[in-house]
Amino acid sequence: GYFIHTVGARAAGNVDSFLYDVEGMFQFGKFINKSHHAYALTTAAGYEFKQFCWRPQLWIGNDVASGGGNGPSDGTHRTFNQLFPFGHYYMGFIDAVGRQNINDFNVQLAMYPQNWIVLIAQYHNFTLMD
């Protein structure tokens, strides 16, 4: 069997028109017959152009999550377990990847024609961590 514990923290907000979002997670526990140590880190910075209609926001970010490590000879399982996937919101709507063994450099443009309508365009460059 296995058990995995996840601890993390998130800071998100704005300073005037500058936007930020930082989230870090660390996992530890047991995965089958190996110890489990894994991590994920998300960082993003943005700017809201309040002077324009639809209040466009431009974001640049990076999302990383650990992968396999040194392979089967290593006594530690290092692949991050994304627990409750909601990947399409964070890593593109095509759901091509999840938050495991990933390095995702991304750019996002969001616009708000109404408070309850959001138009989003995203660019993602996915590479493997390990």
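In which loop is R55 found? In this predicted model, in which local features need pLDDT of at least 70, side-chain atom pairs count only at pLDDT 80 or more, and totals for chains, interfaces and linings use all residues, R55 is found in the loop between β3 and β4. Residues are numbered from 1 along each chain as its sequence is written, and side-chain values use heavy atoms, with hydrogens and water left out.

Along the principal axes, the C-alpha atoms fill a box of roughly 55 × 25 × 20 Å. The predictor's confidence in each residue, pLDDT, runs from 0 to 100; its mean for the protein is 89, with 93% of the residues at 70 or more. Confidence is highest in strand β4 (residues 57-65), at a mean of 96, and lowest in helix α1 (residues 87-91), at 69. Where pLDDT is low, the predicted coordinates should not be read in detail.

Of the 130 residues, 28% are buried, a class defined by a relative accessible area under 20%, whereas exposed means over 50% and partly exposed lies in between (1.4 Å probe, protein chains only). The largest nonpolar core has seven residues, M25, A38, A40, A65, F80, M91 and I102, where such a core is a set of buried Ala, Val, Leu, Ile, Met, Phe, Trp, Tyr and Cys residues joined through side-chain atoms within 4.5 Å. One of these core residues, A38, touches M25, F26, Q27, S66, R78, T79 and F80, when residues up to four places away in sequence are not counted; contact here means heavy atoms within 4.5 Å. Among contacts in the protein between residues at least 6 apart in sequence, 51% join residues at least 24 apart.

Most residues other than glycine have a negative phi.

Key. Helices (H or I, at least four residues) and strands (E, at least two) are DSSP runs, numbered from the N terminus.
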